[in-house]
Amino acid sequence: TEGHVRIDGHDIFEEPEKAKKLMGYLPEQPPLYMNETPAEYLRFVGEAKGLRGAELTGQIAQVIRQTKLEDVQNRSISALSKGYKQRGGIAQALLGSPRLIILDEPETGLDFHNQILVLDMVKRLSHEEGISAIMNTHYPTNAMSVADEAFMMNHKGTFFYGSTEKVLTEKNISVSFDVNVVVNEFSHHQKKIKSIVPVSLT
């Protein structure tokens, strides 16, 4: 393989620390502390990311607003629904003002309502907050509904590229492949990636 990965101009291999500071990550299982409240947990994560004082307090308030956790921010995480726990996981990924967030199957185990909330959140972060997102998901139709462009891939590599409208009308969509769905503009060269959603279909 070859090529470069740059986060806001910082090469991930040449400037790994600077690049990583511009990234947020949510694993499939949110890394939550069940005996804390969302506000307490986010303060811990923020401090671990080097935030202090007014900047820390301001960012906690911001990510709570972005993920709609206001009503439960002082309740024990152990008492929250899976949907709220997932939002807490996304909130921690947003701390530190990342330019890119990576979400690993954030819809897993959620009911339909919370799946839609997560998808709308990803789209809003991309279009309104200017945060790029890479999201791995097993719900291709939902994911593509918030995107503009897609890459369809199988073990041999990319075999389709185009608008999500074309993906949804592909006659051969029943075969096994991966789809990279792009929200807003994308280019292999100089354009800024707004959001990419890799989707696994089986």
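**Exercise 1.** Against which elements do the buried residues of helix 4 pack?

*Solution.* The model is predicted: local features need pLDDT of at least 70, side-chain atom pairs count only at pLDDT 80 or more, and totals for chains, interfaces and linings use all residues. Residues are numbered from 1 along each chain as its sequence is written, and side-chain values use heavy atoms, with hydrogens and water left out.

Step 1. Locate the element. Helices (H or I, at least four residues) and strands (E, at least two) are DSSP runs numbered from the N terminus; helix 4 covers residues 82-94.

Step 2. Select its buried residues, where buried means under 20% relative accessible area with a 1.4 Å probe and protein chains only. Ten of the 13 residues of helix 4 qualify, among them G83, R87, I90 and L94.

Step 3. List the contacts (heavy atoms within 4.5 Å). The partners are strand 3, helix 2 (38-48), helix 3, strand 4 and helix 5 (112-127).

**Exercise 2.** Describe the side-chain pattern and the pairing of strand 3.

Step 1. Strands pair if DSSP finds at least two bridges between them. Strand 3 pairs with strand 4 (residues 100-104) in the parallel sense over four bridges, and I101 is the bridge partner of G24.

**Exercise 3.** Characterise the largest cavity and the second largest pocket.

*Solution.* Step 1. On a 1 Å grid over the protein atoms alone, a cavity is a set of points where a 1.4 Å probe fits but cannot get out; a pocket is an open set with protein on both sides within 12 Å along at least five of seven lines; lining residues have an atom within 4 Å of a point. A volume is the space filled by probe spheres set on the points, which are joined across faces, edges and corners.

Step 1. Treat the cavity. The largest cavity has a volume of about 40 Å³, and its lining includes L32, I77 and Y84. Helix 4 contributes the most to this lining, with three residues.

Step 2. Of its 13 lining residues, K20, K21, M23, K49 and L95 are the closest to its centre. Strand 3 gives the most to this lining, with three residues.

Note on methods:
Buried < 20%, exposed > 50% of the residue type's maximum accessible area, 1.4 Å probe, protein only.
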